[in-house]
Every structure is written in structure tokens, then in C-alpha cells.
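This report walks through a single chain, taking its sheet, its helices and its cores in turn. The sequence and the structure are shown below for reference.

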Amino acid sequence: MKIRKLHPTETPPMDLLLEADPSITKIESYLRQGSSFIAEIDNHISGIYVLLPTSSGTAEVINISVREADQGRGIGKKLIHHAIEQARAQSYAYLEVGTGNSSIDQIAFYQKCGFRMIAIDHDFFLRHYEEPIFENGIQCRDMVRFRYIL
């Protein structure tokens with residue numbers, strides 16, 4: 001597997017990005033502002049993340065997704081470690097990520113990768129998404145924020 005930056009002339013894998021964020025409008029916005037990195041196995045895109053600068057000392061993994069068929073193979077962990085290295089190389093002090101209160105597996109995943117919970121943005125998904133989002137039988141209402149100190 002190799003991880004590389006998505007070239008500006010390449011079409012981003014929207015199907016993957018939409019698995020992590022149901023808003024095409026929001027995805028298109030942060031794709032323009034951030035840097036996208038893809039994980040490839042035998043010239044097949046198996047995962048993606050978008051790294052977005054949010055302040056002078058902080059970058060955020062704004063979207064990360066691994067194809068369902070490729071999940072459970074450590075690709076997500078490799079993408080997160082790549083994001084950590086990218087943020088370090090760009091001299092950020094912190095790498096942050098946010099996920100929904102209903103994203104139980106993702107909450108555990110980020111903590112296993114060394115991120116610490118720093119905040120909850122109450123009603124984030126109610127304010128920013130027109131349609132309700134449900135996951136694991138739970139309505140996604142709040143954004144749980146995590147930080148990794150670089």
C-alpha cells in the first residue's frame with residue numbers, strides 16, 4: 001500500500017468522502033481548502049483523508065474514509081499516522097479531528113491512535129446538516145472533538 005497526495009487534476013473519490021460526510025457541498029468546500037491524500041493498493045483507491053489548516057498551529061483531518069471491503073486491514077490507522085507526519089512536517093503543534101456522538105467505532109479508533117477528547121460541540125449536526133443523520137441506532141447531534149499533540 002502506498003499513500004500519496006491526490007493530484008489537482010485527479011477526481012477525488014466522492015463515494016468514499018460521502019461515506020464520512022453526507023454533504024456534497026461541505027466536501028467540495030473543504031476539498032478546495034485542504035490537501036487530500038489517498039491510500040492505494042494495486043492502483044485501487046482504498047482510502048482517503050483530507051488535511052485542512054484551521055489555525056496557525058492546528059490542522060484538522062476533516063474527512064477520513066476507507067472502503068468497506070478494505071476495512072479491518074489497518075489502512076485507517078496508516079492514514080492517521082500519515083496525517084500526523086504531514087502535520088508535523090508542516091510544523092503544526094496540534095492535529096485535530098471531529099466525529100459524531102453516534103460514531104462509536106470512530107470514537108474508539110481515534111483514542112487508540114493517541115488522540116484525546118477535548119470538547120463537544122453540542123447540536124453541531126443539527127445546525128449544519130438539513131437531514132437528520134442516524135448511526136448505530138443513535139441520532140448524530142453532537143460533534144466530539146479530539147486532539148493529538150505533535
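How many of the 7 residues of β2 are buried? In this predicted model, the count is 6 of the 7, so β2 is largely enclosed by the rest of the structure. On one side, strand β1 (residues 2–5) is joined to β2 by 4 bridges, the two strands running antiparallel, and within this pairing I3 stands opposite A39 of β2.

β2 also pairs with β3, again in the antiparallel sense, over 7 bridges. Here S36 has V50 in β3 as its bridge partner, while E40 stands opposite I45 in β3. The hairpin that β2 and β3 form has 2 residues between the strands, and in this hairpin D42 takes a positive phi near 50°.

## The sheet

The pairings of β2 belong to an open sheet of 7 strands with mixed pairing, in which the order is β1-β2-β3-β4-β5-β9-β6. Its edges are formed by β1 and β6 (116–121), each of which pairs on one side only. From one strand to the next, the twist averages 30°.

Helices are set against this sheet. α2 packs on it, touching β2, β3 and β4, and the direction of α2 makes about 75° with that of β3. α3, for its part, lies across β1, β2, β3, β4, β5 and β9, running at about 35° to β3.

Which residues of helix α2 (residues 24–33) are buried? They are I27, Y30 and L31, and, seen down the axis of α2, the buried residues fall within an arc of 110°, so they line one face of the helix.

On the face of α2 turned away from its buried side, by contrast, the exposed residues T25, R32 and Q33 are found.

## Nonpolar cores

The largest nonpolar core has 25 residues, of which Y49, V61, L95 and F115 touch the most other members. Two or more residues are given to this core by each of β2, β3, β4, α3 (75–89), β5 (94–100), α4 (104–112) and β9 (143–149), and the element that gives the most is α3, with 6 residues. A second, separate core of 10 residues includes L6, Y30, I48 and L52; Y30 is also one of the buried residues of α2.

The side chain of S65 reaches the backbone oxygen of L16 at 3.0 Å.

L16 is also among the residues in contact with S65 once neighbours within four places in sequence are left aside, the others being E19, A20, S46, G47, I48 and L79. One of these, I48, is included in the second core described above.

Technical notes:
Residues numbered from 1 in each chain as written. Predicted model: local features only at pLDDT ≥ 70, side-chain atom pairs only at ≥ 80, totals over all residues. Heavy atoms only, no water. Polar contact = N/O pair within 3.5 Å; in protein donor to acceptor, adjacent residues only side chain to side chain. Contact = heavy atoms within 4.5 Å. Buried < 20%, exposed > 50% of the residue type's maximum accessible area, 1.4 Å probe, protein only. Arc of directions from axis to C-beta. Core = buried A, V, L, I, M, F, W, Y, C linked by side-chain atoms within 4.5 Å. Pairing = 2+ DSSP bridges. Axes fitted to C-alpha atoms, helices over the stretch in contact; angles between N-to-C directions.
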